[in-house]
Amino acid sequence: MKLKTCCLIAILGFFTKNLVAQEGLPVYSDYLTDNYYLIHPSMAGVANCAKVRLTARKQWFGVDDAPSLQTLSVNGRVGDSPVGIGGILFNDSNGYHSQVGGYATFAYHLMFSRNEIDLNMLSFGLSAGFIQYKLDETEFINEGFDPLIEGIEQSATNFNIDFGFSYHFIDFYAHATVKNILNNDGVNFNEQGLSFNNLRTYLLSVGNTFSKFGSEWSYEPSIMFMYRDATKESSFDLNAKVYKEMDFGRVWGGLSYRRSLDGAEFLDGSGVSSQKLQYFTPFVGVDYNNFVFAYTYSYQANSVVFNNGGFHQLTLGYNFNCRREKFECNCPAVN
């Protein structure tokens with residue numbers, strides 16, 4: 001089954017003579033696998049260890065040219081200073097379209113607590129980078145009726161920035177980020193005057209970790225809200241995560257539910273129906289000494305879907321340059 005063939009008409013509706021950019025690094029549920037830095041630049045260097053994370057995501061096994069994503073990220077604190085730095089590389093492909101990019105991050109962490117025991121920290125982060133978009137038209141069918149199809153591989157490179165802040169208070173945390181702040185003029189306009197230059201996305205995450213005194217178990221409910229400025233689309237993630245302390249490290253897992261607040265209409269044979277996008281994502285992971293292994297599976301729970309297969313993702317990580325745990329808190333992202 002060829003995804004390119006199935007999606008050709010849809011792609012022609014979105015891609016014109018100038019290449020239309022996507023959102024940059026996509027926002028999936030991989031941030032829940034100890035990888036908040038992927039979506040919030042203010043998390044660079046927030047932990048007591050420097051972190052390397054490698055992720056690989058594949059959708060719809062058995063479908064040629066199905067969406068796939070690979071990311072490589074590293075972040076850490078600069079010595080004992082309040083400065084954190086980081087970097088992200090990613091490769092995202094989907095049928096005829098692909099994008100590769102890289103970001104560099106600078107973060108600054110302000111401590112408000114009177115000692116190193118109580119966690120009370122406000123962090124700011126700025127990421128800047130380049131994204132190269134490609135559209136392969138070499139297999140497009142064009143017999144002269146569509147002047148917008150040139151039959152070549154089009155590409156364009158854009159510069160953009162993300163900015164955000166994080167606040168940690170004992171076991172509570174909150175993150176807010178604006179992604180793709182700059183407009184990409186000159187690339188995302190078509191000949192009909194439609195504008196796709198606004199890729200701004202707003203993210204807000206809030207959560208808290210709970211545990212009984214002396215217990216090896218802890219529980220972390222959280223929520224993330226996402227809003228896309230150009231299309232006025234919004235969605236939210238409801239997340240529940242559980243940790244179990246072990247002799248070798250920690251075992252953890254949980255469930256995430258993503259729901260779009262905007263519906264799509266379709267013909268069901270008897271009339272017009274509508275549905276809202278929703279995903280169920282169970283995940284499981286283990287921290288073994290300084291290594292991190294995690295698996296994530298997303299299932300789209302809608303009546304009308306492209307494929308019944310799910311979305312598989314693996315995360316491999318390594319922590320290094322670790323310092324002692326300063327804070328007396330149940331805060332896995334920091335300690």
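Buried means under 20% relative accessible area, exposed means over 50%, and partly exposed lies in between. Asp-34, at 22% relative accessibility, is therefore partly exposed. The model is predicted.

**Salt bridges**

- The count comes to nine salt bridges.
- Asp-34 and Arg-53 pair through their side chains, with 2.6 Å from N to O.
- That pair links distant parts of the chain, 19 residues apart. Asp-34 sits in the loop between helix 1 (3-14) and strand 1 (50-59), and Arg-53 sits in strand 1.
- Arg-53 has a relative accessible area of 1%, so this residue is buried.
- Lys-232 and Asp-229 form another salt bridge, and their closest N and O atoms are 3.5 Å apart.
- Lys-232 is partly exposed because its relative accessible area is 48%. Asp-229 comes to 16%, so Asp-229 is buried.
- Arg-250 forms a salt bridge with Glu-245, at 3.0 Å between the closest N and O atoms.
- Arg-250 is buried at 18%, whereas Glu-245 is partly exposed at 33%.
- Asp-34, Lys-51 and Arg-53 belong to one network, joined by salt bridges that share partners.
- Side chains of opposite charge can pair when their charged atoms come close.

**Second largest pocket**

- The second largest pocket holds about 990 Å³ of space.
- Its lining has 49 residues. Closest to the centre are Arg-250, Cys-331, Pro-332, Ala-333 and Asn-335.
- Several strands each supply at least two lining residues. They are strand 1, strand 7 (172-179), strand 9 (217-228), strand 10 (233-245), strand 11 (249-267) and strand 13 (291-300).
- By class, the lining divides into 21 nonpolar, 16 polar and twelve charged residues.

**Cavities**

- Two cavities of 30 Å³ or more are counted.
- The largest cavity has about 70 Å³ of space.
- Leu-25, Tyr-37, Leu-38, Ile-39, His-40, Pro-41, Ile-88, Tyr-103, Ser-127, Asp-162 and Lys-179 line the largest cavity.
- That lining has seven nonpolar, two polar and two charged residues.
- The second largest cavity has about 50 Å³ of space.
- Leu-32, Tyr-36, Glu-220, Ser-222, Asn-239, Ala-240, Lys-241, Tyr-243 and Phe-283 line the second largest cavity.
- Strand 9 and strand 10 each give at least two residues to the lining of the second largest cavity. The largest share, four residues, comes from strand 10.
- The classes in the lining of the second largest cavity are five nonpolar, two polar and two charged.

**Phe-320**

- Phe-320 lies in strand 14 (residues 311-320).
- Its relative accessible area is 26%, so Phe-320 is partly exposed.
- Leaving out residues up to four places away in sequence, Phe-320 touches Cys-49, Ala-50, Lys-51, Val-52 and Val-74.
- One of these contacts, Lys-51, is also part of the salt-bridge network with Asp-34 and Arg-53.
- Phe-320 and Phe-291 are 29 residues apart along the chain, and their C-alpha atoms are separated by 9.3 Å.

Technical notes: Residues are numbered from 1 along each chain as its sequence is written. This is a predicted model: local features need pLDDT of at least 70, side-chain atom pairs count only at pLDDT 80 or more; totals for chains, interfaces and linings use all residues. Side-chain values use heavy atoms; hydrogens and water are left out. A salt bridge is a side-chain nitrogen of Lys or Arg within 4 Å of a carboxyl oxygen of Asp or Glu. Buried means under 20% relative accessible area, exposed over 50%, partly exposed in between (1.4 Å probe, protein chains only). On a 1 Å grid over the protein atoms alone, a cavity is a set of points where a 1.4 Å probe fits but cannot get out, and a pocket is an open set with protein on both sides within 12 Å along at least five of seven lines; lining residues have an atom within 4 Å of a point. Grid points are joined across faces, edges and corners, and a volume is the space filled by probe spheres set on the points. Ala, Val, Leu, Ile, Met, Phe, Trp, Tyr, Cys and Pro count as nonpolar, Asp, Glu, Lys and Arg as charged, and the others, Gly among them, as polar. Contact means heavy atoms within 4.5 Å.
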